[in-house]
Amino acid sequence: MFASFGVLPMDVILGVVVFWLVLGMAGLVLQNSRLIARIIFPLGALGSLALAGAALAGLDETSTAILPLGLPDLPFHLRMDALSAFFLLLLGSASIGISVFSAGYFRDMPKASLGPLCLEYHLFLASMALVFLADDAYLFMVAWESMALSSYFLVTTDHDQPEVRRAGFLYLLIAHVGAISILMCFGVMQGGHGDYTFGAMRHAHLTTSWASAVFFLALFGFGAKAGILPLHAWLPEAHPAAPSPVSAMMSGIMLKTAIYGILRITFDLLGMQLWWWGVAALALGLLTALFGVIFAAVQVDMKRLLAYSSIENIGFILTGVGLTIIFHDSHKDALAALALTASLYHALNHAFMKGLLFLGTGSILHATGERHLGKFGGLIRQMPKLALLMLVGALALAGLPPLNGFVSEWLLLQAFLLSPGLPQPYINMLVPIAAAALVLAAALAGYVMVKFYGVIFLGQPRDSSLAKVHDAGLWERAGMLCMVIGCIALGVFPTFVILHLDHVTEMLVHHSLSVSAAKTGWLLLTPIQAERASYGPLVLLLIIAGGGLLIALAVKKLVHGRLRRGPAWDCGFPAQTARMQDTAEGFGQPIRQIFEWYMGVVRQVPTPFDKHPHFHSETHDLLWNIFYAPVKRLNDAIGKQLGKLQHGRIHIYLLYSFLTLLALLAFVR
Amino acid sequence: MNIPFSGQIINMCAALLLLIAFAMLSQRRILSLINLFALQGLILAASTSVVAYSSHQTHLYYSAALTLVLKAMILPWILHRLIRKLNIKWDVETMFNIPTTMLAGLGLVVFAFNLAAPVSQMAGTITRSTLGIAMASVLLSFLMMITRSKAVPQVVGFLAMENGLFFAATSATYGMPMVVELGIALDVLVAMFILGIFFFQIRTAFDSLDLHHMEKLKED
C-alpha cells in the first residue's frame, strides 16, 4: 500500500513518532484546555491510525535504519521486522480508541495540568513505538526509561493525593529495579564484545549457563513491567491512581511491551531455548493468572479489580510463551506456532477488551465520582449506551464466544490439549494439571466479569445520588466504540488475524499456522486438523443472533400480556432497600472463603450486643509480606545504621575525611 | 654526606615548617595562630625561591612571589581584619587536650615519613628529602581542623593545609604548572571571602562562632 508511493512503512512510523512529539509540545503551548482536548487528542488518534496501517503493511518485510541521533559514534539503530510490526499494530490500533476517548475525558481538566498531561501522554506513545523499533540496547533502554518516566508522571496526575504519590513511587521503584535487570541482561548478551547492537547480539555465542542467566534476567526485568508474580505489587496501586485513559493505555499496551521484550530476547536475540526455561515461564504464568483472577474476585474497587484482571491476563500470555519455548525446544514447531499465535492473539485481544473496560470505568468515574463498587447499581438505566458498550468488553474478557477473548483462550487450550507426545515424561504428566489450572482461571475470569458488570449496571441503585447521573459523552462513546469494533472483529474473523500473525510465528519459531488454520476456508478456524477441533465464529454469531431473535419473538408472542407483577417474598422483613442487594463483597465471599489461606483477610465482626454493629473486612496481599516487607525492613534498618554517621558535628565529619585520607594513603603505599 | 648549601637551607626551611605546624596545633590564641600562619607563608616563599635558584626553574620565582603576596600578606591581613570586626581578637579557645594532640601529631609525622620514603627515592629533585615533612604538615593541619571548635582556627587550618600541599608539590616535582598554581591561589582567595561571609552569617544565627551550635541543624 505504502510501497506504491515510494514510502516505507518504517518512514511512516517514524513520522508518526515525530508527529506525536510535536503534538505533545503543542499541548504545552496551547492556552485553552478545551482546544487541547478537542484538537490534539483526535490528531493523536489519527497518528495512531497511520501507525497501525503502516505496521500492518510492514508485517511481511524487514527494514532497518540508522538515526544519527544519540551520542557521538553511538547512533540509534532501528529495525522493523514482523515482531516489531505486530506490536506496533497493537499500539496503533488500540490507542486510536483511547485517544478519541481522551478527547472527551480530559475536556474539563484545568489547563495547568492538562498541558503537561498532553505532553506526557504523547511522549508515552512515542516512546512505546521506539521500544518496538529499537535495534540496539542503547535506544531500547532510552525508550524504555522514557516510557517508564512518562507513565510515572501520567500515573501521578492527581499528585495532590498522598496515596497517588505512594502508588506512583511504588511503580517507579519496581520499574527501575526491572530496568536494571534488563540492562544486566543486555550486558551479558553482548558477550564481551562491547557491541550493544541487537545485530551483534544475534551472533554472539553464549554458553548454556550464560544464556539461562540472560533469560531469567529478562524474565525478571520484563516481569517487573508486566506484573508477573511476585513483581505485581505496583499494578493494583498504579491503575486506580491513574486517570482512566492512562490506565487503559498502561494495562492494554504498556504491559505488552514486556511481552515483546521477552519474545525478542528469547526467540530472536538468544540463539537457543531450553525446555526448562519454558517450564519456569509456564509455572510462573499459571501462578500469576490464578493469583490475579482470585484477587480480582474479591476486590471492591472497580479499577483495582480490572488491574488484578490484567495480572491474570498477563499470566495467560506468559503461559503461552512458556509453552512455546517447551514445544520449540522439542522441535514440535507446529505446536510452538500454535502456542505463540495464541499468546500474541491474546495480547492483542487484551489490549482491546481491557482498554475498553478501563475507558468505561473512566466514564463511570466521570459521571459519579466514585470507584467503590458498593456505591453503584442499576446504572444500566442511567447510562444505557455505556452499559451496552461495556457489556461487549465484559463478555469478551469473560472469554465468551463469539467475541475475541474466547478465540485466544481456546487456541491456548488447544495447544495444551495437543501437547502429549513431548519427550520429557514429567512435563507430559504435568501439562494436564496446567491446562486444568488455566481453565480454572478462565472460568473465574467469567465470575469476575459477572461481578463487575452485575454490581455496577444491574439491580437497583445503592446510592440515591445515582439517579441524576448522565450517560457518557459522544467522544467517550466514540472512543469505546473503536475498542468494541476491535473486540468484535478480532472475535469474528480469527482466520484473517492468524494469517497476519503468521509472519511473526514464521520469524520466531519458523513455522506458520495458516497452512492448517485456514485449510477449510476462512469461515472455519482449525488450529491443527479439522477432525480434532474447529471453530466457526461467524456461524456461531449468526446462530446466537438468530437464536436470540427467535427467543425474543417467542417471548413476545407467548409471554407478553400474561405477565403478573406482585411483591417479592420479603422473608417476613418488609422494609427492603436497595442496599440489601448482593454487594461486591458478598459476591466475592465464596472465593474469599475458599482461598482464605492464600490471602490475608482482616475481619472485624460485631458481637451480638453491639449497639452500632459494623462489619468490616479487608483483603491483603500476603505476597507483600513475604517479598516486599523484608526488603523494606532491611532498607529501614540499614538507613537507621547509616543515619548514626550523621552527628551534626563538623569535627566528626572532618575526622571521617581525615581517616579516609589516611586509609587511602596507607592503601596506595 | 655532602649536601649543597642551598639544599641545607631548604632542609632548614622544611624543619621550620614542621615546627610551625606543631606550634599551630598547640596554639590557643587566635591572633597568634594567624601570625604563625603568616610566618608559614613567609618561610614557604623563601624555600620556594631557594629551590628556584638552585634548580634554575624560573617559573618557581613567580610561585614564590605569589606565595609571598597571597599567603604571607593578603590572607593574614584579611584574617586580621575579620577577627577585629568579629571582635574575637583575644579569644582563647578551649580545645582538645594539647599533649594528646601533640602525641597524635607525632604519630602522623612518623606515618608521613614512612609514606614518603618510597616516593622520595624515585624523585630526582634536590628537595626530595623534604617530601615527608610536606606530607606531615598537610596531615597536621588536617588534625588541627579536627581538634578546633571555633570557625576561624578551622579556616586557618584549611589554609595551612593548602600551604603544606604547595610545599609537597615543590619538593616532589618542582611545583605544579603555573596555570594550576594560579587557579589554586584564586580558589584559596575566593574560599577566604566566602568563609568570611559565612563567619558573619554563623554569628548572626548562633550569636557565637562556636561550631557546637551547628549540631542543632542535624536532622533527626
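User: Let's start with V214(A): which helix is its place in?

Analyst: Keep in mind that this is a predicted model. V214(A) has its place in chain A, in the helix that covers residues 208-226. That helix is α8.

User: Is V214(A) buried or exposed?

Analyst: Anything under 20% relative accessible area is called buried. V214(A) comes in at 0% relative accessibility, so the label is clear: buried.

User: What does V214(A) touch, leaving aside neighbours within four places in sequence? And how far is its C-alpha from that of M184(A)?

Analyst: With those neighbours left aside, V214(A) is in contact with C185(A), V188(A), M189(A), L206(A), I265(A) and L270(A). M184(A) sits 30 residues away along the chain. The separation between the C-alpha atoms of V214(A) and M184(A) is 8.2 Å.

User: Which residues have the most contacts inside the largest nonpolar core, and which helix gives the most to it?

Analyst: That core has 221 residues, and F140(A) and F186(A) have the most contacts inside it. As for helices, the one giving the most spans residues 333-368 of chain A and supplies 21 residues. Its name is α13.

User: What is F186(A) in contact with, once neighbours within four places in sequence are left out?

Analyst: F140(A) is one of its partners, along with A137(A) and M141(A). The list for F186(A) also includes Y196(A), F198(A), M201(A), I265(A) and L269(A).

User: How many residues are in the second, separate core?

Analyst: This one includes residues of chain B, among them L36(B), A136(B), I146(B) and F199(B). Its residue count is 64.

User: Over to N404(A): is it buried or exposed, and which residues is it in contact with beyond four places in sequence?

Analyst: N404(A) is found in helix α16 of chain A, residues 404-417. It counts as buried because its relative accessibility is 0%. Leaving aside neighbours within four places in sequence, N404(A) is in contact with N349(A), F352(A), M353(A), A396(A), C487(A), L490(A) and G491(A).

User: How much space lies in the largest pocket, and which residues are nearest its centre?

Analyst: The largest pocket holds about 1,200 Å³ of space. Its lining splits into 19 nonpolar, ten polar and 13 charged residues. There are 42 lining residues, and those nearest the centre are P236(A), P240(A), D301(A), R304(A) and R371(A).

User: How many cavities of 30 Å³ or more are there, and which element gives the most to the lining of the largest?

Analyst: The count of such cavities is four. Five of the lining residues come from the element that gives the most, α3(B).

User: And what is the volume of the second largest cavity?

Analyst: Its lining includes R107(A), H366(A), H470(A) and E476(A). The element giving the most to that lining is α13(A), with three residues. The volume is about 50 Å³.

User: Last one: how far apart are the C-alpha centres of the two domains of chain A?

Analyst: Chain A is divided into domain 1, residues 139-540, and domain 2, residues 623-668. The two do touch: nine residues of domain 1 are in contact with four residues of domain 2. Their C-alpha centres are separated by 42 Å.

Terms used:
Residues numbered from 1 in each chain as written. Chains lettered and ligands numbered in written order. Predicted model: local features only at pLDDT ≥ 70, side-chain atom pairs only at ≥ 80, totals over all residues. Heavy atoms only, no water. Core = buried A, V, L, I, M, F, W, Y, C linked by side-chain atoms within 4.5 Å. Buried < 20%, exposed > 50% of the residue type's maximum accessible area, 1.4 Å probe, protein only. Helix = DSSP H or I, 4+ residues; strand = E, 2+ residues; numbered from the N terminus. Contact = heavy atoms within 4.5 Å. 1 Å grid on protein atoms, 1.4 Å probe; cavity = no way out; pocket = protein on both sides within 12 Å on 5 of 7 lines; lining within 4 Å. Points joined across faces, edges and corners; volume = space filled by probe spheres on them. Nonpolar A, V, L, I, M, F, W, Y, C, P; charged D, E, K, R; others polar. Domains from an automatic or database assignment.
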